[in-house]
Each structure stands twice: as structure tokens, then as C-alpha cells.
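Have a look at the model first.

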Amino acid sequence: MRYPFMLLFSVLVLVLTGCASAPDKRDPLEPFNRKVYSFNEHADRMVVKPVAETYTTVIPSPVRTGIHNFLGNLKEVTYFINNMLQGKVEGALISMGRFTFNSTLGLGGLIDIMTPGGFPVQPEDFGQTLGKWGVGTGPYVMLPLLGPSTVRDASGLLVDTATHINAPAREPAARYGIVGLNIVDKRVELLGASNLLDSAALDPYVFLRDAYLQKRLAEIYDGNPPVTIDPEDPFADENKTEDKPTTSEPTTSVTPMPVGS
């Protein structure tokens, strides 16, 4: 009976060792980030998710679609600026056209008349712009309520907030109301992802972190990221990397949630 016991013990040690995640160079703040993640998860479970579920129950679908379109239209100026800063003239023109026509013919942005017309949204943020300019990602950070980010993306978020069309609003209630609607609207989109996150991995924190970093890399390089010299180096110069062959498939990933579930 001794050898079966030793074999079972060895297998158990291997399993536990395999489940333990090694330190990740991209996440030097992991102990702190995990505490913020736990806070976000609790806030989502107690407040954000119930509000989003109630929102979908009480507000009719056509009204929710109008609100979603309106909120998206407010971001078009930010998209225009970042497309221009990245040299994407066509994307900038589409963003400006979307804002102009959706704001007028689309009744203040409640109706998206441009997407069916062949002009889909061209989302670009300042974090992506900094990445295009060669700024490294910096360490991974988990932001309270806002969710996964990096030092670069968090810095970009400050700039995007300043260029958001409702930023100059004089009434704080209007600004905070828009922010609150954005959070609820985004959480409604991710209601189905909550169960996926819980069931997809032994460690949802690691799964969310890796999905976010992969998604951002794909966004910065328009779906065709390079082969990095050291993918775990948060300060690696991404412009000094070797491009993938043109036959490679675009990188795909799971869209992370803004808060824990």
C-alpha cells in the first residue's frame, strides 16, 4: 500500500504546483491588483450587475438601443482625434461623418444611420495612440470599478476623458449621469460573459489579465501584432520587434469585463 500512496501524493503535489501561477513580469503589482480585483468583483456582484439586470428588465429593448447609440455617438470626437494622431485619415473622416450625420439625421445620436450605410465605428483611444507612438505598456494595473488596464492605458484614459464630448458639461450631475449610463450600458453587454469568466479558468484574475493584454496588443496593431522579443517584459520596445508573416491569422481574444463579476 505504500507505493500507491506515494504515487497519489506525487500526483497531488504536481497538480498543486501546476495550479500555482508563477510571478508574471507584466504584473509586478499583482498582490495589490488582486485586492482591487476582489473589490471590483464584490461591487459588481452587489451593485453593478443587479442594476444592469434590472435595466434590461425595466427598459424596453428599443430604448436601450437608442441609449447605447447616443452614448457611442458621444465618443466619436475622441475616436476622430485618435485616428488623426495615428495617421488614420480614413478612420478620422468616418468618425467625423458618423458624429455629424448621427447627431443630425439620427436624432441626436439615438439612431445609428451610418453603420447600416457601410460606415461602422472606428474606435481608437489614446492608449492605442501611445502604443502606436512606441510607448511601452508599463505594468498591468487593476483600476477600481474600471477594471483591467496598464500604466499606458490608464494615462491614455485621462486624455480621452478630457476629449470626451460631455467633459465640458457645466452640470456635474450631467457628467456623472453619462458616466453611470456608460457603466451600466457596458455591463449589459457583458452579462453573458460573467459565467464564461467564472467557468473558463481556475484563476479568473489571470484569465482576465491575459485576455486584456492580448486584446490590447491586437487593437494597437489592428489585429496583426508582431512577435515580441519578450512578451513578459512590460517595458519592451514594441517597435523593435519582428513582424509576423503576412499569412498569419489576426489575433482574437475574449473581451474583458470592466469590473469583476
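Below are a few questions and answers on aromatic pairs and a surface patch.

This is a predicted model, where local features need pLDDT of at least 70 and side-chain atom pairs count only at pLDDT 80 or more, while totals for chains, interfaces and linings use all residues. Residues are numbered from 1 along each chain as its sequence is written, and side-chain values use heavy atoms, with hydrogens and water left out.

Q: How many aromatic pairs does the structure hold?
A: Rings of Phe, Tyr and Trp (its six-membered ring) pair if their centres lie within 6.5 Å; planes under 30 degrees apart are stacked, over 60 edge-to-face, the rest tilted. By that rule, the count for this structure is 4.

Q: What kind of pair do Phe126 and Trp133 form?
A: Their centres sit 5.8 Å apart. With 85 degrees between the planes, the pair is edge-to-face.

Q: Is Tyr140 buried or exposed?
A: Buried means under 20% relative accessible area, exposed over 50%, and partly exposed in between (1.4 Å probe, protein chains only). Tyr140 has a relative accessible area of 0%, so Tyr140 is buried.

Q: Which residues do ring pairs link into a cluster?
A: Tyr140 and Tyr205 pair edge-to-face, with centres 6.4 Å apart and planes at 80 degrees. The cluster linked by ring pairs is Tyr37, Tyr140, Tyr205 and Tyr212.

Q: What is the relative accessible area of Leu110?
A: Leu110 is one of the residues making a nonpolar surface patch. Leu110 counts as partly exposed, because its relative accessible area is 42%.

Key. Patch = residues over 30% accessible without salt bridge, like charges linked within 9 Å, V, L, I, M, F, W, Y side chains within 5 Å. Areas by Shrake-Rupley, 256 points an atom, 1.4 Å probe, with all protein chains shown as cover. Salt bridge = Lys/Arg side-chain N within 4 Å of Asp/Glu carboxyl O.
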